[in-house]
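This report is meant for a reader who is meeting this structure for the first time. Please keep the sequence and the model in view while reading.

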Amino acid sequence: MDELESKSGMEIRYLGQSGFQLSKGGSSIVIDPFDRKSGDLVGEVVYCTHGHPDHVGGIPTFLDRNPGAVLVANEQVAGQFKRYSDRTMIAQDGGTYRHGDWEFQFIEARHGFLRDINIGVVVRNGEESFGHLGDTITYEGFSSTKVDTLAVPITGVVTTSPSQAIGELKKFEKPLPTIVVMHWVFRNPKSFCRRLLSEFPDAKCIVPEKGELLPL
Ligand SMILES: [Zn+2]
């Protein structure tokens, strides 16, 4: 447990691509670990938004390292990891899951490839909350859900492009959550934040550093 810190607030570490580790009160969960390294963490739950390799690559490492941990994911992802079926919980649009002090709320958000089910998530622990859209071209369902911090993808095609992301955020109730850029691949996340701030001068936009805690 030496990787966990004992501060009282929720700490959010960026793992690269769309991967995040959330820690609070000595407990930790992981969202969308994309490779072995990002799955090689101590924790209790791994949540995956959809079944593409850049979102599920760390599942085996995480579940093998943490024999008591559970996989929470939609049925397509669960079908790819049947060997862990005895510790898999199925996430469905509109559903919730609770694990200790962690509360998960599932919100389907349409993937750019329509056959692929992508279910975004809002994770709450006490007063704090973190939203993760997965790979999606629409943020409908998140626009009226209160969340402190929201991770948004900007690659385009399978997700919103930078312009589409800003267009989706214009539909949100204000003030906007703190925005964290993710899944940028060849896009420029700093230029995305500059564009966002030109539209929403009061917004906060973070370009996360791989391996580091978000400066919230
Ligand atoms: Zn992806």
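Strand 4, made of residues 45–48, and strand 5, made of residues 70–73, run parallel and are joined by 4 bridges. Within this pairing, V45 stands opposite V70 in strand 5. The model is a predicted one, and the descriptions that follow should be read with that in mind.

Strand 5 also pairs with strand 6, again in the parallel sense, over 3 bridges, and here A73 has I90 of strand 6 as its bridge partner.

An antiparallel pairing is found between strand 2 (residues 19–24) and strand 3 (residues 27–31), which are joined by 5 bridges; in it, Q21 stands opposite V30 of strand 3. Strand 3 also contains S28, which is buried, because 23 other C-beta atoms lie within 10 Å and 20 or more are enough to count as buried. The C-alpha atoms of S28 and E11 are separated by 9.2 Å, and these residues are 17 residues apart along the chain.

Strand 9 (residues 119–125) and strand 10 (residues 128–132) run antiparallel and are joined by 5 bridges, with E128 in strand 10 as the bridge partner of N125.

## The chain as a whole

How many helices and strands does the protein chain have? There are 6 helices and 13 strands. The radius of gyration is 16 Å, close to the 17 Å that the globule rule gives for 216 residues, so the chain is as compact as a globular protein of that length. Along its principal axes, the C-alpha trace spans about 45 × 40 × 30 Å.

Of the contacts with a separation of 6 or more, 48% are accounted for by residues 24 or more positions apart. G9 is found in the segment before strand 1 and is partly exposed, because 14 other C-beta atoms lie within 10 Å, a count between the limits for exposed and buried, 12 or fewer and 20 or more.

## The nonpolar core

Of the 216 residues of the protein chain, 45% count as buried. In soluble globular proteins, nonpolar side chains tend to be buried together. The largest nonpolar core in this model holds 52 residues, and the members that touch the most others are V46, Y47, V121, V123, V152 and V181. Leaving aside residues up to four places away in sequence, V152 touches L133, A165, I179, V181 and M182.

## Backbone details

Most residues other than glycine have a negative phi, and most peptide bonds are trans. D32 is not a glycine, yet has a positive phi of about 50°. D32 lies in the loop between strand 3 and helix 1 (36–39), and is buried, with 31 other C-beta atoms within 10 Å.

H183, also a residue other than glycine, has a positive phi near 50°. The place of H183 is the loop between strand 12 and helix 6, where H183 is buried, with 26 other C-beta atoms within 10 Å. Finally, the peptide bond from K174 to P175 is cis, with omega near 0°, and P175 is placed in the loop between helix 5 (162–170) and strand 12.

Key. Residues numbered from 1 in each chain as written. Predicted model: local features only at pLDDT ≥ 70, side-chain atom pairs only at ≥ 80, totals over all residues. Core = buried A, V, L, I, M, F, W, Y, C linked by C-beta atoms within 7 Å. Contact = placed C-beta atoms within 7 Å. Helix = DSSP H or I, 4+ residues; strand = E, 2+ residues; numbered from the N terminus. Rg over C-alpha atoms; globule rule 2.2 N^0.38 Å. Pairing = 2+ DSSP bridges.
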